[in-house]
Structures are given as C-alpha cells and as structure tokens.
Amino acid sequence: MNLPSSTSRREFIKTTGRVAAVSAFAGMTVPFVHAAGSETLQVALVGCGGRGTGAARDAMCTKDGAVKLVAMADVFANRLEGSFDALSHDRACSAHVDVTPERKFIGFDAYKHAMDCLKPGDIAIFTTPLAFRWVHFTYAIEKGLNVFMEKPLTADGPSSVKMLELAKQASAKNLKVAVGLMCRHHRPLQQLTQKAADGDLGDIILMRGYRMAAGELAACFSPKWPGNPSELLWQISRFHSFIWASGGLFNDFYIHHIDHLCMIKNAWPVKAMSIGGRHYRTEENGTLLVDQNFDSYAVEYTFADGTKMYMDGRNERGCQEYYTSYVHGSKGMATASSTGDFGAAYSIYAGQNVERGKAVWTSQVNPGETNPYQNEWNELVEAIKSDKPYNEVPRGIQASVVSSMGRMSAHTGQEVTYEEMLNHKDVYAPGVENWTMESPAPVRSGADGRYPIPKPGVLKHHEYDMNTGPA
C-alpha cells in the first residue's frame, strides 16, 4: 500500500473499531533504541491516524534519509496496527520502519512509553486531537526531544497560554519544533509573500478565504454515541465533532486559509465578528446529528490598520464547492490558493479580477520542492542536523488563537478580540493530563443523546453550556 505523503489531515480518524483497553507492553520499561549510525534520527509517532501516518512517511522520506521510525502510540489498537501495516508496506519508507511489538503502546500514557524509546535529540510526532498537545509537548521538552506537531495546536485560551510558555522552554533547550501548517513551506506561497513585501500588490486592502464543501467532511457531523467504546474514546474517534478535541471543523478545516493569508499580510487580526448557523441536523434516513459544529460560518477579521479579511466556510451537501483564497491590493490582486489549501502556481493580476492574459507574475518552483508536506520535514531535519534555531510554535499558536476567535464570535454572537480569546478562562479539556481509559468525556450527552451546542446571543461569553449532561 502506497500512502501519499500529502495524505489529507482530515483522515485522522473516520471510524472506530474494537478498542484494546491496554497494551500488553504498556507497563514495560523499554531501553533506548539506537539506530545504526550516530547521525540517524529516531522517530516516535504519537497518534496513528491518517495524518500521523502521512507525517511519519514524510519524516522517513526526507532528503537526508537518515530517519527511522522506532516507536508508535495511540489509544486505539486498530489505528496503530493499520498505520504500522501501511508504513511497513510502503515502498518509499518501509526500510526505515523499525517498530517491534515491544515498541507499540496503547493507552493515554502510551505517549510516554513511545518517547522513552528515544534518545535526546530524536523526534516525536504529535498527531492526536489538539487537547493533548500541551501534555505531550511538556514531556518531549523534559526528554530533550525535537518535535513535529500537527495543527491546530489549541482551542481555548488557557491551553494557548501554556503552549506559548512551553515554546519558550523548548527554545531555551535548543529544541527544534515544527508545526504542520504546511502552506508556509509551499514555494509559490513563499514567493507571493515576498512579492507582497516588495510592494508588487501595493497596499493590501482586502483578503478573502473560502472553504466551502458539498457535504460533510471527515468526522465533523456525528450521530448519537452508540454506547461502545466509551464516550471519551468515541469522541476522540469523532474529534471534528467536538470543540474540546479539535476546535470543531472551523479550526481544523479553516486554519490553513487563515494562516497563509496572515502570512502574506505579515500580521494577525486584532478582532473578529462572525455569523454562522446549523441548518440540517438530521440525515435523510432520520438519523439525528449531535455534534457541536455550525455547518456554515462567515467571519470578518479586522487588522490593526483596518484591513479586512473574510473567511467563509460551509459544509452542506448539494451546495457549490468553492475552495480558494485571494489577496487584493492597491496595485492589483493575487490568487493565494487555487485548488484547496494550496495550488500548483500562484499569480498576480493587473486589476481586481482573475482574468486570462492579465497575469503580471506567476510563481515557478523547482521540481523537487513542489510538495509542502515534504518541504516542512526537509527543513526540520536540516535544522536539527545543522543546529539552526527552529521553533514554529509561537506562530502556530497565533494561527490557532485567530481561528478560535472567529469560531467563538460566531458561537456567541459577539465581537471577539485576539486578547479576549487568548485570555479567555474556559478550559475545554480539564484534567486532560490525568485521563485514563476509564475517564469520563469532558462534554457529556443528555438523555436524548444530544450535546450542548452554541447559542449565539443567549450564551454571550461561553461557546456552550459546559454543565449540560448527566452528573
């Protein structure tokens, strides 16, 4: 099985299977695993869904080539074994997979066992739902490990503050940390950003992002909890449906457009005003959908200089798909993504319309640098090998906070500033560092199977009633 290195981040978890309560090896002490050659970097994968599998593959396919996967961790045994099987049979990286049964770990403490298999200077990959990010990052810093972590990084203010402090600690220990906002490593976007900085667009006056799907993506809309596995594990398997686990579909799906437009602007918005709604909450067969998402969002972001950025998202079957972004300046406009989170080439046009024959510049990329997923891994490994400062967490947190302020504005019906979001006191996954297989879910379903949802204008300072559900 060949797994593309650009495996969709939406494929993290689609279905659940039978869950192993704990690995037979979870309590064992495993010695450091030293791969052949002192220059070989060892990798532990924490979170073995589709995105984690793709990230591990990218790690093993770096230009340097001296990277080995030696340990894996997840809360679902079937996810781990599926990932291991895919990587072991992938011709591009199978020779770099060295994960014995003793180095496969299941459970909420599995991340520790996997990272204990590494030596200082190796790499831990974090591709679990975001609620666990600060917990895993804390342990990696203690162990002296470099890190690749998937976006988004946080969904609430307290976690964002913790992660910013952890980023400082990582830099103080000279650790290298990459964040999976791969668009920043896309060569056409980097070129367009430089063109904007050079003044080719003039003053940026408006930016527009659209991610409109013609149906329900990944795990963003869910039926009632079936009763098995536990409610907590089921929510993890349906993480796009729950704000605590992903920031909902808004953060996980729209963060790329938000991030790459802010990269071009070289600034972050100071406030957001949003609208959104839930339209169809029952399947055609009558199945009730009980997730916490809106299925449409429209956000007006405002920068300190008054520039506006619009981010529109929709997930409704039968609607027109539209998945692109634009930058408008006083001298012309540009495509900032053309077919998804990024495209093959970007252009600047004279005037304010995309018109054939009016492009005044088009990006050009070397053949070996067309894949931003691989680019970000090449650059992380190069930074480790050459000992260059490398820490993408601060901007990863900024992108996450900006995403969250847009989401919260829609969910509360209030204007939300960057500082208000960063300093908001609601904790969406309290006690996450102590969770076990027997822990209750942080948000509980009611007797009818429904979960608490946003009520704009009613709940003005909170996204949902966190006291809703059985005692």
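Predicted model: local features only at pLDDT ≥ 70, side-chain atom pairs only at ≥ 80, totals over all residues.
Q: What makes K265 count as a charge lying over the face of F303?
A: K265 stands over that ring face, 5.6 Å from the ring centre. A charge sits over a ring if NZ of Lys or CZ of Arg is within 6 Å of the ring centre and within 35 degrees of the ring normal. K265 is therefore counted over F303.

Q: Which other lysine lies over the face of a ring, and at what distance from the ring centre?
A: K104 lies over the face of F84, 3.7 Å from the ring centre.

Q: Why is the pair of F132 and W244 given its class?
A: The ring centres of F132 and W244 are 6.5 Å apart, and the planes meet at 75°. Rings of Phe, Tyr and Trp (its six-membered ring) pair if their centres lie within 6.5 Å; planes under 30 degrees apart are stacked, over 60 edge-to-face, the rest tilted. So F132 and W244 are an edge-to-face pair. A search of the whole structure finds 17 aromatic pairs.

Q: What makes F132 and W244 a link between distant parts of the chain?
A: They are 112 residues apart. F132 is in the loop between β4 (123-126) and α4 (133-143), and W244 is in helix α8 (residues 243-246). Helices (H or I, at least four residues) and strands (E, at least two) are DSSP runs, numbered from the N terminus.

Q: How do you know whether F132 is buried or exposed?
A: F132 has a relative accessible area of 7%. Buried means under 20%, exposed over 50%, partly exposed in between (1.4 Å probe, protein chains only). So F132 is buried. W244 is buried too.

Q: Why is the pair of F132 and W435 given its class?
A: The centres are 5.7 Å apart and the planes are at 80°, so this pair is edge-to-face. W435 lies in the segment after α12 (418-422), so the pair ties together parts that are 303 residues apart in sequence. W435 is buried, at 9% relative accessible area. F108, F132, W244 and W435 form one aromatic cluster.

Q: What leaves one side of β14 and of β15 (416-417) without a neighbour in the sheet?
A: Nine strands form an open sheet with mixed pairing, in the order β14-β13-β12-β11-β7-β10-β9-β8-β15. β14 and β15 stand at its edges, each with a single partner strand, so one side of each is left without a neighbour in the sheet.

Q: How do you know that β12 (residues 332-337) and β13 (residues 347-350) pair?
A: Two bridges join these antiparallel strands. A334 stands opposite I348 in β13. Three bridges join β13 to β14 (residues 359-362), again antiparallel. The bridge partner of I348 in β14 is W361. Elsewhere in the sheet, eight bridges join β7 (residues 204-213) to β11 (residues 322-329), which run antiparallel. There, I204 stands opposite G329 in β11.

Q: What makes S296 count as buried?
A: Its relative accessibility is 16%, so S296 counts as buried. S296 belongs to strand β9 (residues 296-302). S296 touches (heavy atoms within 4.5 Å) I275, G276, G277, H279, G313, R314 and E316, leaving aside residues up to four places away in sequence. R314 is 18 residues away along the chain, yet the two C-alpha atoms are separated by 4.3 Å.

Q: Why is helix α1 (residues 50-60) called mostly covered?
A: In α1, 11 of its 11 residues are buried. Those buried residues pack against β1 (41-46), β2 (67-74), α2 (77-88), β4, β5 (146-149) and α10 (372-386).

Key
Residues numbered from 1 in each chain as written. Heavy atoms only, no water. Pairing = 2+ DSSP bridges.
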